Amino acid sequence: CRFCSNYCTDFFFLSIVFFKQAADLVIQLSSTPKTKPEVSTFGSVFTDHMLTIEWSGTEGWQAPLIKPFGNMSLHPACSSLHYGVQLFEGLKAYRGDDNYLRLFRPMLNMNRMSKSAKRACLPTFDQSEFLECIRRLVEIDQDWVPYSDSAGLYIRPTFISTEPSLGVKKPSHALLYVILCQAGAYFHNEAEALSLWADPKYTRAWKGGTGDCKMGGNYGCSLLAQYEAVDYGCQQVLWLYGEDHQITEAGTMNIFLHWINEDGEEELATPPLDGIILPGVTRQSILELTRKWGEFKVTERYLTMSQLCSALEQQRVREMFGSGTACMICPIGHIVYQGTVSKGSTHPHTHYLSAQ
Ligand SMILES: *Cc1c(COP(=O)(O)O)cnc(C)c1O
Ligand SMILES: *[C@@H]1O[C@H](CO)[C@@H](O)[C@H](O)[C@H]1NC(C)=O
């Protein structure tokens, strides 16, 4: 059948592009481990080691290498620098009360990364072998995982084309690497509720684009809008889409609205994965968790600014929040839209979901 033949082709393809098994991992330990700072600004202090795995079209995947964290040397023409042929992931390792370290649903990140790689014309990799290499890296730098139930170790897998030529083409050289840094605690109280600037002037993602992949270009081109939001006294952009100003994402977070919908039903709603939404692991977890609670309707549906505005006017909004690995759950306090400020309400679920 079609399914089977597709499956077999995939299988064959995978077997020739496997990087060598995690068992071939080469480890070079750092002789000068850093002193660990008290949890620092996000993403500025990295741990002692990094993981690198090189690929070339002719040789396939090389043996994975864990080595001291350090600068890399790249060809100046390398197509990740010129054309943005690259992508990344973000996940966290937490230290439990039992002192064991746990990664939060890492296979979902491996899966998403693999989809992004396909979209970027970067080679396929074996997801579980790669995850095993990441596990070994975290194990080596385990002392960097904060002794805290709210802070964690942020894991940044990165995949770049190292194609050393200016042609716009499918890379024949690539590098998969992973760096780690401490991620401090985020506190969720009302004083810290996010303010959002909603304006159709800028678009984060569009149908047929790459908004559903974690590709660097999506974030670099959002900076200008982010700073314009700050000029309007807001912390983040509420990204709108289309003529009807659909609500899509907040900054680099998925968005949820808990409200009484147009039909008078209590509903937790988030936009559907139609290609312009990043399929967040936190988003998926919130959907699964709240569906299991069965306390209210949980829906993936379109939400427009006019629906939100009338719900706010009629006091049908219970709360809005953003979700993502970095902040987990982040309450939304107010939105600046077409010159008016809409104030949100209290945030009972933000507290509750954060504790789950
Ligand atoms: C990473 C990301 C998210 C959140 O995804 P998680 O897997 O929950 O961290 C949401 N939106 C965008 C645009 C993102 O880049
Ligand atoms: C690594 O690169 C940074 C920025 O270019 C530089 O400041 C630093 O000195 C480099 N480190 C080493 C060890 O070369």
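Reader: Hi! A salt bridge here is a side-chain nitrogen of Lys or Arg within 4 Å of a carboxyl oxygen of Asp or Glu; how many does a search of the whole structure find?

Author: The search finds 16 salt bridges. This is a predicted model, where local features need pLDDT of at least 70 and side-chain atom pairs count only at pLDDT 80 or more, while totals for chains, interfaces and linings use all residues. Residues are numbered from 1 along each chain as its sequence is written, chains are lettered from A and ligands numbered from 1 in the order in which they are written, and side-chain values use heavy atoms, with hydrogens and water left out.

Reader: Thanks! Which residue does Glu-300 form a salt bridge with?

Author: Its partner is Arg-291, with the closest N and O atoms 3.2 Å apart. Glu-300 is partly exposed at 33% relative accessibility, and Arg-291 is partly exposed at 42%. On that scale, buried means under 20% relative accessible area, exposed over 50% and partly exposed in between (1.4 Å probe, protein chains only).

Reader: And Arg-301, what does its side chain meet in a salt bridge?

Author: That one is Glu-267, at 3.2 Å from N to O. The pair links distant parts of the chain, 34 residues apart: Arg-301 sits in the loop between strand S15 (297-300) and helix H8 (305-313), and Glu-267 lies in strand S14 (residues 266-270). Helices (H or I, at least four residues) and strands (E, at least two) are DSSP runs, numbered from the N terminus.

Reader: Is Arg-301 buried or exposed?

Author: Arg-301 counts as buried, because its relative accessibility is 15%. Glu-267 is buried too, at 1%.

Reader: Where do we see a network of salt bridges?

Author: Glu-132, Arg-135, Arg-136 and Glu-139 are linked in one.

Reader: Switching to H6, which residues are buried there?

Author: In helix H6 (residues 223-231), those are Ala-225, Glu-228 and Ala-229.

Reader: Why do they line one face of the helix?

Author: Looking down the axis of H6, the buried residues fall within an arc of 105 degrees, so they share one face. The arc is taken from the directions from the helix axis to the C-beta atoms. Leu-224, Tyr-227 and Asp-231 are exposed on the face turned away from that buried side.

Reader: What covers the buried residues of H6?

Author: The cover includes strand S10 (194-198) and strand S11 (236-241), where contact means heavy atoms within 4.5 Å.

Reader: Which residue just after H6 takes a positive phi?

Author: Gly-233 does, at about 80 degrees.
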